[in-house]
Amino acid sequence: MPILWYLSSIQFSDKTLVSGVLLKKKPLISSPGNSALKNAMMIIGSYFNTTCSNTDIVVNLKDQSMKIKTDEHGGFRITFDFCTDEEVTIFEKNSSVALKTIQKYPIQFQNSESTVTIISDIDDSIMVSYTKTKIKRLLTTLFKPSHKRKVIPFTEELYKVYRDNKPRFFYVSKSESNLFPTISNFIRHHSLPEGNLFLIPYLSFWQLIKSNKDKDHKFKSICYIIENSPKQHFVLIGDDSQRDMEIYTRIANQYKSKLQSIYIRQTQNKLSSQKMQTWKILRETGIDAYYFKPEEIFSLTHKTN
């Protein structure tokens, strides 16, 4: 029987976004566990799992049922034009048995009355991933279970300070949905705020080798969140290992009145002239921005309101 690799139901001001990934059967290993070997087997195995691509399903929420077809990656995404915290259920077409999910992470994310929303990158922004060094990143991803992965001290402290404002959290990353258990377990192990994860589609091994990840995934995801959160102002957190500064500059130029501040982690001790120029362009947007060093700790001298 098909199984839900992950499922989420996100409330916004006037709508509920339901999304997930459907596999043909439960994986042999679906949790990273505590050992390096089991972690590696789970991650490698995820790229050989078979998704339910182009499959008709029915999504039930409150008193509405909507039919949808999964995409080529087994993913689905559907919007209901009302806001509800009722449980979402997924069925195969012509079946009365609700599909089960294997995740331990929350499914429902309620809309917030807070005026602050934090949107954070994951790799090298909250979790040390060595994005700039491919071999080291691969070995870390495979052989370091979630509880052994290091959290970024600055971001961890920043989260703690903002918790007084009871902000809403979103995590937006170019990591594929295969890594959902690793990322969600990392967040829970380190007692970080549990926010919805916007990841790229689930990939097979060959898709991973051949696929060009959507360069606009982060930009489009952040735009969606902002446009559907009319009462909130936003704090963006990222790093300089990929394109966060360029993306956040685009966001700042498009939604300047909605942004409160931007934090960028410096991933290397020395800055290239290109990074300095990119940072200069971001600063010129006029948004309050801070470029913090690799091992820097957040302090109350940094602005949080």
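Modeller: Terms before we start: helices (H or I, at least four residues) and strands (E, at least two) are DSSP runs, numbered from the N terminus. This is a predicted model, where local features need pLDDT of at least 70, side-chain atom pairs count only at pLDDT 80 or more, and totals for chains, interfaces and linings use all residues. Residues are numbered from 1 along each chain as its sequence is written, and side-chain values use heavy atoms, with hydrogens and water left out.

Colleague: Fine. Where is the place of Tyr130?

Modeller: In the loop between β8 (116-120) and α2 (134-143).

Colleague: Is Tyr130 buried, exposed or partly exposed?

Modeller: Partly exposed, because its relative accessible area is 26%. The scale: buried is under 20%, exposed is over 50%, and partly exposed lies in between (1.4 Å probe, protein chains only).

Colleague: What is Tyr130 in contact with, leaving aside neighbours within four places in sequence?

Modeller: Asp124, Lys136, Arg137 and Thr140. Contact means heavy atoms within 4.5 Å.

Colleague: Switching to Ser175. Which strand does Ser175 lie in?

Modeller: β9, residues 168-176. Ser175 is buried, as its relative accessible area is 3%.

Colleague: Which side chain does the Ser175 side chain make a polar contact with?

Modeller: That of Asp123, at 2.9 Å. A polar contact is a pair of N or O atoms within 3.5 Å; within protein, one must be able to donate a hydrogen and the other to accept it, and residues adjacent in sequence count only if both atoms are side-chain atoms. Beyond four places in sequence, Ser175 is in contact with Asp123, Arg137, Ile183, Leu199 and Ile200.

Colleague: Now sheets. In what order do the 4 strands of the open sheet run?

Modeller: β5-β2-β1-β7, with mixed pairing. The edge strands, β5 (75-80) and β7 (108-109), each pair on one side only. Pairing takes at least two DSSP bridges between two strands.

Colleague: What is the sense of the β1 and β7 pairing?

Modeller: Parallel, over 2 bridges; β1 covers residues 3-11. Ser9 stands opposite Gln108 in β7.

Colleague: How many disulfides?

Modeller: 0, counting pairs of cysteine sulfur atoms within 2.5 Å. Cys223 is buried at 8% relative accessible area. Cys83 is partly exposed at 33%.

Colleague: And the chain overall: how many helices and strands?

Modeller: 8 helices and 13 strands. Of the 305 residues, 53% count as buried.
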